[in-house]
Amino acid sequence: MRIHNFISKPVQSLKGEITVPGDKSISHRSIIFGSIAKGTTIINGFLDGEDCMATLKAFQSMGVTIEGPDEQQVVIYGVGKHGLKKPEKVIDCGNSGTSMRLLAGLLAAQTFDSQLTGDESLLKRPMLRVSKPLTQMGADITTLDGKPPITIRGGKKLKGIHYVMPEASAQVKSCLLLAGLYAEGETLITETGISRDHTELMLKYFSYPIQKKDNTLIINSASECQGTEIFVPGDISSAAFFIVAATIVPGSDVIIRNVGINPTRTGIIHILLEMGANITLLNQRQLGEEWVADLCVKYAPLKGIDIGAKMVPLAIDEFPAIFIAAACAQGRTTLHGASELRFKESDRIATMVDGLNRLGIYAEALEDGAMIEGGVIQGGTVESKGDHRIAMSFAIAGAVANEPVTIKNCVNVATSFPLFKETARELQLQIEETVENVQ
């Protein structure tokens, strides 16, 4: 067995301009809606990482003609809301929880049977959060003790429900909106906290009516999606690693172009600014329904803060990188209200705290968060647990460590950021990949 590791070495400062890959959340959704739209959809800036490719291949297996990605452009010949065909095989979602949860909502409304599976990591992730409300809508959907694989029996008539979200989750919300495209009557989803709103914006892109009254979304099955052209902004979750790197490496001055700054995704910017970061948003503009800016990030000394629970859904994917910033801050940083981090590609609280401890930073895992005492990062070896965001976060930590940092098991970086090492090199980061053979 071959294991891919990173070795990240200390650097003097970071300078330059980069772009980051297209937004993963938007790329997933553009494939889904383009496939069930009438007419042709062109996607520019598509993220061709493994997660989004799993979604693309799923729709190809259901009879949708999709060309590309070719230089991040994808062309989809939509089959309409009722044009999907039964896949010949089980749909493999790989490492992608987004693919699995959103497809569950869509497939629950189809006439054919289907099954969704994934890799070892995905098979451990909780799915009752989507299977329970879908069952309330009339779906015939079963899991294995609440985890994948998900088996769906088609031909069930779904009925609209009023679902009050027990916790903020864009994936659950999106799953139910997709089911609501087919359900009899109205589907109402009331949010009790803020979560990313790319699905609602995507419905507008595709000319599908959706209402919002206070915190409640309302959708029905009376319309069709219409093909369109989409421009996918750079993913702030991928930019996060370089935002933190430029903030913590003395003398750094970096510009990251064309980053999506959707207000439901900018928690990392708010948190870092509160810690004392020097981040400026330049050239703010709209690409379709999404806001975009160029981020200018310069080194700044950070101080520890208490991160409020309201910030958690706005930065849920960026906390591994934020933990590295906290490790470099003066004083203590605490995070509460983030138990969701325990159910990502790994238990991100446990994995990050263990890694920080190994690098000489005092950190404690809390049930719903962490406490981190800022200090000096030492060299050493950490385990990423096959989690792409943890691998990239510790790669950034190596830039300010006393000695090189080795990060084990980094192959899954390709799920969201295939050219991470090459992009890092543009800013003079020194990250090498090594391969070891393990019996």
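Tutor: Helix α8 spans residues 267-275, and its buried residues are Gly267, Ile268, Ile269, Ile271, Leu272 and Met275. Buried here means under 20% relative accessible area, exposed means over 50%, and partly exposed lies in between, with a 1.4 Å probe and protein chains only. Helices are DSSP runs of H or I with at least four residues, strands are runs of E with at least two, and both are numbered from the N terminus. This is a predicted model, in which local features need pLDDT of at least 70 and side-chain atom pairs count only at pLDDT 80 or more, while totals for chains, interfaces and linings use all residues. Residues are numbered from 1 along each chain as its sequence is written, and side-chain values use heavy atoms, with hydrogens and water left out.

The buried residues of α8 pack against α7 (236-248), β16 (278-287), β17 (290-298), β18, α9 and β19 (332-335); contact means heavy atoms within 4.5 Å. After α8 comes glycine 276, which has a positive phi, near 110°.

Neighbours within four places in sequence aside, phenylalanine 319 is in contact with Ile271, Ile307, Val312, Leu335 and Leu341. Phe319 is also among the residues with the most contacts inside the largest nonpolar core, together with Phe242, Ile256, Phe394 and Phe420. That core has 78 residues, and α7 gives the most to it, with 10 residues. A nonpolar core is a set of buried Ala, Val, Leu, Ile, Met, Phe, Trp, Tyr and Cys residues joined through side-chain atoms within 4.5 Å. Another core lies apart from it, with 66 residues, including Cys52, Met127, Ala179 and Met202.

Aspartate 317 counts as buried because its relative accessibility is 12%. Leaving out residues up to four places away in sequence, aspartate 317 touches Arg196, Ser237, Lys344, Arg348 and Arg389. In an unreviewed UniProt entry, the annotation "active site" covers Asp317; UniProt positions are given in the numbering used here, feature names are shortened, and annotations may be inferred rather than shown by experiment.
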